[in-house]
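These are my notebook entries on one structure. I set down what I looked up, entry by entry.

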Amino acid sequence: MKNWLLVIAMAVLLAGCAEPLPENRLDYVGQWRSKEMSLLILADGSVAYERLKSGGTTSINGPMQGFEGDDFIVGLLFLTTRFEVSEPPHEVEGDWTMVVDGVRLWRVPEKAIQLDNTI
């Protein structure tokens with residue numbers, strides 16, 4: 001029973017730590033994908049990330065702590081991860097793209113997100 005209480009307390013703590021994205025960073029909001037990476041950024045500052053690399057999977061779910069230039073920091077206290085953005089979100093021929101940690105991502109259209117609710 002104590003373990004469940006700890007899990008619930010941590011979930012409440014983590015949910016309360018996200019800061020909404022500033023208005024000048026709302027282009028980052030959305031579900032971004034490539035063959036090996038999925039990145040979901042919500043306007044409330046929540047981030048869900050998953051990447052397949054070298055036969056393994058890395059995933060991070062947490063609050064966005066802020067931006068340093070175009071890069072953004074995700075995590076809590078001293079457990080943070082910096083996502084290097086070498087190309088910030090921009091539109092190319094009607095589609096949105098950005099490059100995060102050396103991977104070109106494309107924003108998934110809202111209609112596709114409603115049909116496929118996996119990240």
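Entry 1, salt bridges. I began with E68 and R82, whose side chains meet in a salt bridge at 2.3 Å, N to O; I count a salt bridge when a side-chain nitrogen of Lys or Arg is within 4 Å of a carboxyl oxygen of Asp or Glu. E68 belongs to strand β4 and R82 to strand β6, so the pair links distant parts of the chain, 14 residues apart; helices (H or I, at least four residues) and strands (E, at least two) are DSSP runs numbered from the N terminus.

I note the source here: this is a predicted model, in which local features need pLDDT of at least 70 and side-chain atom pairs count only at pLDDT 80 or more, while totals for chains, interfaces and linings use all residues. Residues are numbered from 1 along each chain as its sequence is written, and side-chain values use heavy atoms, with hydrogens and water left out.

I then looked up the accessibility of both partners. E68 is partly exposed, with a relative accessible area of 43%, and R82 is partly exposed, also with 43%; buried means under 20% relative accessible area, exposed over 50% and partly exposed in between (1.4 Å probe, protein chains only).

R82 has a further partner: D71 forms a salt bridge with R82, with the closest N and O atoms 3.0 Å apart. D71 lies in strand β5 and R82 in strand β6, 11 residues apart. D71 counts as buried at 11% relative accessibility. Shared partners join E68, D71 and R82 into one network of salt bridges.

I also recorded the salt bridge between R104 and E87, where the closest N and O atoms are 2.9 Å apart. R104 is in strand β9 and E87 in strand β7, 17 residues apart. R104 is partly exposed at 34% relative accessibility, and E87 is partly exposed at 27%. The search of the whole structure finds four salt bridges.

Entry 2, the sheet. In what order do the strands of the open sheet run? I read β6-β5-β4-β3-β2-β1-β9-β8-β7, nine strands with antiparallel pairing; two strands pair if DSSP finds at least two bridges between them. The edge strands are β6 and β7 (85-92), each of which pairs on one side only. Neighbouring strands are turned by 25 degrees against each other on average, direction ignored; axes are lines fitted to C-alpha atoms, for helices over the stretch in contact, and angles run from 0 to 180 degrees between N-to-C directions.

I checked two pairings in detail. Strand β8 (residues 95-100) and strand β9 (residues 103-107) pair in the antiparallel sense over four bridges, and V100 stands opposite V103 in β9. β7 and β8 pair in the antiparallel sense over five bridges; the bridge partner of E87 in β8 is V99. β7 and β8 form a hairpin with two residues between them, and E93 in the turn has a positive phi of about 50 degrees.

S54 has phi near 50 degrees, a positive value in a residue other than glycine. S54 lies in the loop between β3 and β4 (56-68) and counts as exposed at 78% relative accessibility. L77 has phi near 55 degrees, sits in the loop between β5 and β6, and is exposed at 71% relative accessibility.

The structure holds five aromatic pairs; rings of Phe, Tyr and Trp (its six-membered ring) pair if their centres lie within 6.5 Å, and planes under 30 degrees apart count as stacked, over 60 as edge-to-face and the rest as tilted. Y49 and F83 form an edge-to-face pair, at 4.9 Å centre to centre and 70 degrees between the planes. Y49 is buried at 6% relative accessibility, and F83 is buried at 1%. Ring pairs link Y28, Y49, F67, F72 and F83 into a cluster.
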